[in-house]
Amino acid sequence: MGLQIGIVGLPNVGKSTLFNALLKRQQALVANYPFATIEPNVGVVEVPDERLSMLAEIVHTNKIVYATVEFVDIAGLVKGAATGAGLGNKFLSHIREVDVIVQVLRDFADTEVVKEGSVDPKSDYVLVTDELILKDLETVIKMKEGKTLREKGMEKKKDLVEKLYDGLNSGKPAREILTTEENWELAADLFLLTMKKEIEVLNVAENDPRLQEYAGEEVVISAKVESELSGLAEADAKAYLAELGIVESGLDKLIRKAYETLGKISFLTAGEIEARAWTIDQGMKAPEAAGVIHTDFTKKFIKAKVATYDDFVKFAGWKGAAEAGKVRLEGKGYVMQDGDVVEFMIGG
């Protein structure tokens, strides 16, 4: 259930600086990462979750395992990528694999960094989006001209393809054209790039007052600040952020935004072996959540022992929470909530 976030942007917008900061963060995580090899263009970082350190203290464990997010550094885009310019085809094929696209948009002035192909955040966004739309249009035209839509029972799909063709031609991304759940299902096998959810990231100067804002539609970061933070110990990083008047690092804000955008939440487990966060879809039921820990657990699920994070902490663990009547036994229909502390009961 890990997330893959694709970082895209024009040349010299700060994409590489941001990704290099991610790679530095990754080094502390590599030993615990469950796969032996991490591709050079993938940075794996922890999802910030202060709840885990409190759980670890309560259950007396030194091991904390955070949920992780993969950031994929997608080959730089230039005008004409949709027709193969630059590393266009590689760029576009990598986008198909990610869960959400992060567009890094430069919004700072620096005479020493050439702003090649980049004019301002708004026009940069339009340029990148137009390339994705053009590639999707190519996909739709192939479908439109192929034999599949002539087969019996394909009337709805044919109508949708026509609708996509007209919409993409007018400059609309697919997510604005697919207005019904049925349309989304019909379009699923087209794998259109502009069906992906997006996050806009403004890369600003390190002294930009917007860095001090906690939330907004766009994520405001300074790749330069993130680069400096990535080389500091945790206590020093917190002190540096406080000095700048910043509540939370840009990367942490971006991870939280990705969770929000994709409808993800975390449930927590806490025992003597480890305190751990698990990523699931919002609205997921208990048996499927158990299957995130181990695939067999979904079929063998019996019950879930659940306490809210606040109750678990307030009453100092399972024993205290149970004595206070704050532990529930939930069945197969239970919808998981963010911050649930859970022990799954599994049959043989």
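**Exercise 1. The pair α8 and α9**

Task: In this predicted model, find the handedness of the crossing of α8 and α9, then work out how the two helices run and what their contact is made of.

Solution. 
Step 1. The crossing of α8 with α9 is right-handed.
Step 2. Take the axes. Those of α8 and α9 come within 9 Å and cross at roughly 150°.
Step 3. Angles over 145 degrees count as roughly antiparallel. Therefore α8 and α9 are roughly antiparallel to each other.
Step 4. List the residues. From α8 come Val225, Glu228 and Leu229. They meet Ala237, Tyr240, Leu241 and Leu244 of α9.
Step 5. Sort them by class. The contact of α8 with α9 has six nonpolar residues, one charged residue and no polar ones.

**Exercise 2. The pair α1 and α8**

Task: Decide whether α1 and α8 are roughly parallel or roughly antiparallel, and describe their contact.

Solution. 
Step 1. The axes of α1 and α8 come within 8 Å. They cross at roughly 20°.
Step 2. Angles under 35 degrees count as roughly parallel. So α1 and α8 are roughly parallel to each other.
Step 3. The crossing of α1 and α8 is left-handed.
Step 4. Name the partners. α1 brings Thr17, Leu18, Ala21, Lys24 and Arg25. α8 brings Ala223, Lys224, Glu226, Ser227 and Ser230.
Step 5. Sort them. The contact of α1 with α8 has three nonpolar, three polar and four charged residues.

**Exercise 3. The pair α4 and α5**

Task: Do the analysis again for α4 and α5, from the angle to the residue classes.

Solution. 
Step 1. Locate the helices. α4 covers residues 121-145, and α5 covers residues 155-169.
Step 2. They pack at an angle of about 150°, and their axes are 10 Å apart.
Step 3. The angle is over 145 degrees, so α4 and α5 are roughly antiparallel to each other.
Step 4. The crossing of α4 and α5 is left-handed.
Step 5. On the α4 side, the contact has Ile133, Asp136, Leu137, Val140, Ile141, Met143 and Lys144. On the α5 side, it has Val161, Glu162, Leu164, Tyr165, Leu168 and Asn169.
Step 6. The contact of α4 with α5 divides into nine nonpolar, one polar and three charged residues.

**Exercise 4. The largest cavity**

Task: State the volume of the largest cavity, and find which residues line it.

Solution. 
Step 1. Count first. The structure holds one cavity of 30 Å³ or more.
Step 2. The largest cavity has a volume of about 40 Å³.
Step 3. Its lining is made of Leu211, Val220, Ser222, Val225, Glu226, Ile246, Glu248, Gly250 and Lys253.
Step 4. Assign elements. α8 and α10 each supply at least two residues of this lining.
Step 5. By class, the lining of the largest cavity has four nonpolar, two polar and three charged residues.
Step 6. Link back. Val225 lines the largest cavity and also takes part in the contact of α8 with α9. Glu226 lines the largest cavity and takes part in the contact of α1 with α8.

**Exercise 5. The largest pocket**

Task: Give the volume of the largest pocket, then find which element gives the most to its lining.

Solution. 
Step 1. The largest pocket holds about 1,300 Å³ of space.
Step 2. Its lining has 36 residues. Closest to the centre are Arg25, Pro48, Asp49, Glu234 and Asp252.
Step 3. The elements that give two or more residues to the lining are α1, β2, α2, α8, α9, α10 and β8.
Step 4. α10 gives the most, with five residues.
Step 5. By class, the lining of the largest pocket has 17 nonpolar, five polar and 14 charged residues.

Technical notes. Residues numbered from 1 in each chain as written. Predicted model: local features only at pLDDT ≥ 70, side-chain atom pairs only at ≥ 80, totals over all residues. Heavy atoms only, no water. 1 Å grid on protein atoms, 1.4 Å probe; cavity = no way out; pocket = protein on both sides within 12 Å on 5 of 7 lines; lining within 4 Å. Points joined across faces, edges and corners; volume = space filled by probe spheres on them. Helix = DSSP H or I, 4+ residues; strand = E, 2+ residues; numbered from the N terminus. Nonpolar A, V, L, I, M, F, W, Y, C, P; charged D, E, K, R; others polar. Axes fitted to C-alpha atoms, helices over the stretch in contact; angles between N-to-C directions. Parallel < 35°, antiparallel > 145°, perpendicular 65-115°, else oblique. Left-handed = near helix turned anticlockwise from the far one by under 90°. Contact = heavy atoms within 4.5 Å.
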